[in-house]
Amino acid sequence: MVALIEYCHYYYFLEHMYTADFLELVDCICSFLAYGKTFIKIILFWLNQQNLIKIMSIMSDDWDDCVKSDVGLRETEYKAKISDRLINSIVMLHAMEACAYSSGAILNNVEVTNRTEELPYIDKLDIPFDVNTQFMYRSILFAECFAVITVCCAAGVTNMFVLSLTLHAAGQMDILRNWFTQLVPLANENKHESTVILLKRIVRKHQKIIDFSETIESLYSLIAFIQFTSNIIMICSLGFVIVT
């Protein structure tokens with residue numbers, strides 16, 4: 001459905017490149033970037049699925065390790081709850097944004113049979129068949145609304161995923177800090193063997209956090225660059241439309 005909507009969207013741009021109003025073309029470009037960057041991010045996730053599997057494996061091992069200590073379990077669960085609340089909030093906000101963006105076209109009362117102008121859609125579309133009934137027109141609008149909500153939620157989830165990974169890494173660093181505080185009493189009590197065991201755990205944990213952070217960086221470096229550049233272009237384009 002999204003592919004069909006995007007095909008009609010691109011077809012409109014190509015057909016009206018030299019005849020449409022300039023502001024409408026700028027609006028089309030912003031829509032292209034909004035959809036395009038989401039598709040690119042999903043493709044990059046697919047191409048970097050080995051890094052994604054490695055990240056999930058490290059997180060699974062961290063959860064298995066934190067069960068052995070109350071402090072580790074408390075810190076990891078706390079960060080997981082924050083991530084869960086943030087993701088739910090971001091997805092709800094993106095869905096509300098998409099519904100608000102689509103509501104104007106859906107609530108607009110348009111006469112399909114006796115029209116003299118192009119039918120208004122949520123995004124600029126050039127449908128390759130004749131839309132001559134109210135049912136067909138409404139079906140296209142709801143399909144387009146579904147596509148907009150889907151892409152917006154996917155964009156929100158991919159953006160929040162890196163924050164969830166960062167929060168998980170921060171939780172593991174808090175666990176590491178707690179282990180350091182336990183190291184001082186052991187050293188004062190001259191428990192050499194226990195101190196060496198804890199030092200080995202700290203070194204392994206630290207190396208694991210570094211490996212986890214580097215894997216996140218390799219997964220998200222290109223995604224962050226695409227997000228940064230596309231958002232700059234969209235902000236400049238929309239700012240130009242508002243000022244004009």
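Student: Which helix is Ile 42 found in?

Tutor: Helix 2, residues 22–47. Helices here are DSSP runs of H or I, at least four residues, numbered from the N terminus. This is a predicted model: local features need pLDDT of at least 70, side-chain atom pairs count only at pLDDT 80 or more, and totals for chains, interfaces and linings use all residues. Residues are numbered from 1 along each chain as its sequence is written, and side-chain values use heavy atoms, leaving out hydrogens and water.

Student: Is Ile 42 buried or partly exposed?

Tutor: Partly exposed, because its relative accessibility is 42%. Buried means under 20% relative accessible area, exposed over 50%, partly exposed in between (1.4 Å probe, protein chains only).

Student: New topic. How many salt bridges are there?

Tutor: Seven. The rule: a side-chain nitrogen of Lys or Arg within 4 Å of a carboxyl oxygen of Asp or Glu.

Student: What does Asp 62 pair with?

Tutor: Lys 208, at 3.6 Å, N to O. The pair links distant parts of the chain: Asp 62 sits in helix 3 (residues 49–66) and Lys 208 in helix 6, 146 residues apart.

Student: Buried or partly exposed, those two?

Tutor: Asp 62 is buried at 3%. Lys 208 is partly exposed at 25%.

Student: And which residue does Lys 79 bridge to?

Tutor: Asp 174, with the closest N and O atoms 3.0 Å apart. Lys 79 is in helix 4 (residues 70–107), Asp 174 in helix 5 (residues 134–188). Arg 177 also forms a salt bridge with Asp 174, at 3.9 Å.

Methods
Helices (H or I, at least four residues) and strands (E, at least two) are DSSP runs, numbered from the N terminus.
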